[in-house]
Amino acid sequence: MSRLNQVSAPGGISATDGMKTLWSAVAAGLIFFLLVSVPTYLVENMLLDQKKESARQASERTALKIGQHLTQALSPTYALAALIRQGNGMVNNFEEIAGELLAQIPEVSALQLAPGGMVRQTVPLTGNEQAMGLNLLTDEQRNREARLAIETRRLTLAGPFELIQGGVAIVGRLPVFHGESKPPPFWGFANVLIRLPQFTEAINLSALEAEGYSYQLWRIHPDNGERQAFAASHAPLIAEPMTSAIDVPNGRWMLSLAPADGWTSGMRWGREIAIFLTLSLLVGWLTRRALERRQGVAQALAVSEERLQLAQEAVGAGTWFWDLATQENTWSDEVWALYGLDRGETTPSYDGWRSTIDERDVLAVEALVAQAVAGRCGFEASWRVRRSDPDHPRWLLARGRPLFNDTDRLTSYVGIIIDITERKRAEQELEQYRNRL
């Protein structure tokens, strides 16, 4: 026997046994760390996906709302154009008609008539006096969209830009063609002036901040090709945003938004890692002490299982293990709770798991799992719980990863499962909202 084998570690344990004990303790700590960190990582990814999906839906919903309000705000130009043609180039009682239109459409700040391209009438006149007499065809800062409107014979949207009477606004200009000749000659413009503060208040953009988002409404400036932001939250965008396009006359606006605190919380993730590392070191130390003294093994395992249980409860997920050879399933307490079952209510087998799935989803889930097993790959599946309310079912989502033995043979699957009922309900409500629109 070598001298190395004759040297004993403290407590009467040989150096070789001491190294084995040390490595066993390290392995125990590493396994514990993986058991708690990997499910947490998967859950964090799921939560991140849900967060991004919610942001995408909020972006699309708000972009659709902006487009609807803008269409409504520009609609008075068509009414004015019809009155101009009906009145043979005149609009009798323009002040009264414009006042009624403004009362019905809060997004609009003023209505204007510009025969020959020169602003002659404005309602309200107060605050817009400096715009009277402005020639939209000769003013270098405003004639681009005006000439485009005449060339295309379509409504154009100018701005946002600084008004000569003060303030920032966008202006819709509808060219009016009226006369006996064919085609009729250019009469002038029917204009609608929309001040940005009044418009953003009407569409309630600040509601996005109340939901925890930072946002920016912007466009690519047609003259210099640079990004022009004309409405934004108090908190700047600090994360890669979700962006939705809003088609406007002769252009496109973009709405970008992201969570004000970012997609992930670095502080929270760092705190969880620190907790997991601390617990892992504790498990390793307890394991080494148990192996050295040949006692307290059951206590160390109980502590380890308790820590794992706490970690699963902290991330709100259950873990499961499926042995392909025996077809037996092992579920954590959280999985039983998610199914609304007490331990032992169903058999720990593949058939037992199958019996918990709603009949409407069984075949689809089975086909997905069978495809994953055949392809030796992971899977993600969602289904309704059989025992839940048929009108308001509980939805679960599971992710599984394959495990292989030393000969690269697929032996089992391990994964997590979470409740996605609220997400499903939100998706259904959004779909119903879109259908109503």
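1. The charged end of Lys424 is placed over the ring of Trp395, at 4.4 Å from its centre, and Lys52 likewise lies over the face of Trp263, 5.9 Å from the ring centre. The criterion for a charge over a ring is that NZ of Lys or CZ of Arg be within 6 Å of the ring centre and within 35 degrees of the ring normal.

2. On provenance, this is a predicted model, in which local features need pLDDT of at least 70 and side-chain atom pairs count only at pLDDT 80 or more, whereas totals for chains, interfaces and linings use all residues. Residues are numbered from 1 along each chain as its sequence is written, and side-chain values use heavy atoms, with hydrogens and water left out.

3. Buried here means under 20% relative accessible area, exposed over 50%, and partly exposed in between, with a 1.4 Å probe and protein chains only.

4. Aromatic pairs (rings of Phe, Tyr and Trp, the last by its six-membered ring, with centres within 6.5 Å; planes under 30 degrees apart are stacked, over 60 edge-to-face, the rest tilted) come to a count of 10. Phe199 and Trp253 form an edge-to-face pair, because their ring centres are 6.4 Å apart and their planes stand at 80 degrees. This pair links distant parts of the chain, with Phe199 in helix H6 (residues 196–203) and Trp253 in strand S11 (residues 251–259), 54 residues apart. Phe199 is buried at a relative accessible area of 0%, and Trp253 is buried at 2%. Trp253 also pairs edge-to-face with Phe230, at 5.0 Å centre to centre and 65 degrees between the planes, and Phe230 is in strand S9 (residues 227–232), 23 residues apart from Trp253. Elsewhere, Trp320, Trp322, Phe379 and Tyr413 form one aromatic cluster.

5. Salt bridges (a side-chain nitrogen of Lys or Arg within 4 Å of a carboxyl oxygen of Asp or Glu) number 17. One of them joins Arg144 to Asp223, with the closest N and O atoms 3.5 Å apart, and it links helix H5 (residues 143–152) with the loop between strand S8 (213–220) and S9, 79 residues apart. Arg144 is partly exposed at 40% relative accessible area, while Asp223 counts as exposed at 57%.

6. Asp358 and Arg360 meet in a salt bridge of 2.9 Å, N to O; Asp358 is buried, with a relative accessible area of 11%, whereas Arg360 is partly exposed at 49%. Asp408 and Arg376 form another, the closest N and O atoms being 3.0 Å apart. Asp408 lies in the loop between strand S15 (395–404) and strand S16 (410–419) and Arg376 in the loop between helix H12 (362–374) and strand S14 (379–384), so this pair ties together parts 32 residues apart in sequence. Salt bridges that share partners also join Glu53, Arg56, Glu60 and Arg434 into one network.

Conventions:
Helices (H or I, at least four residues) and strands (E, at least two) are DSSP runs, numbered from the N terminus.
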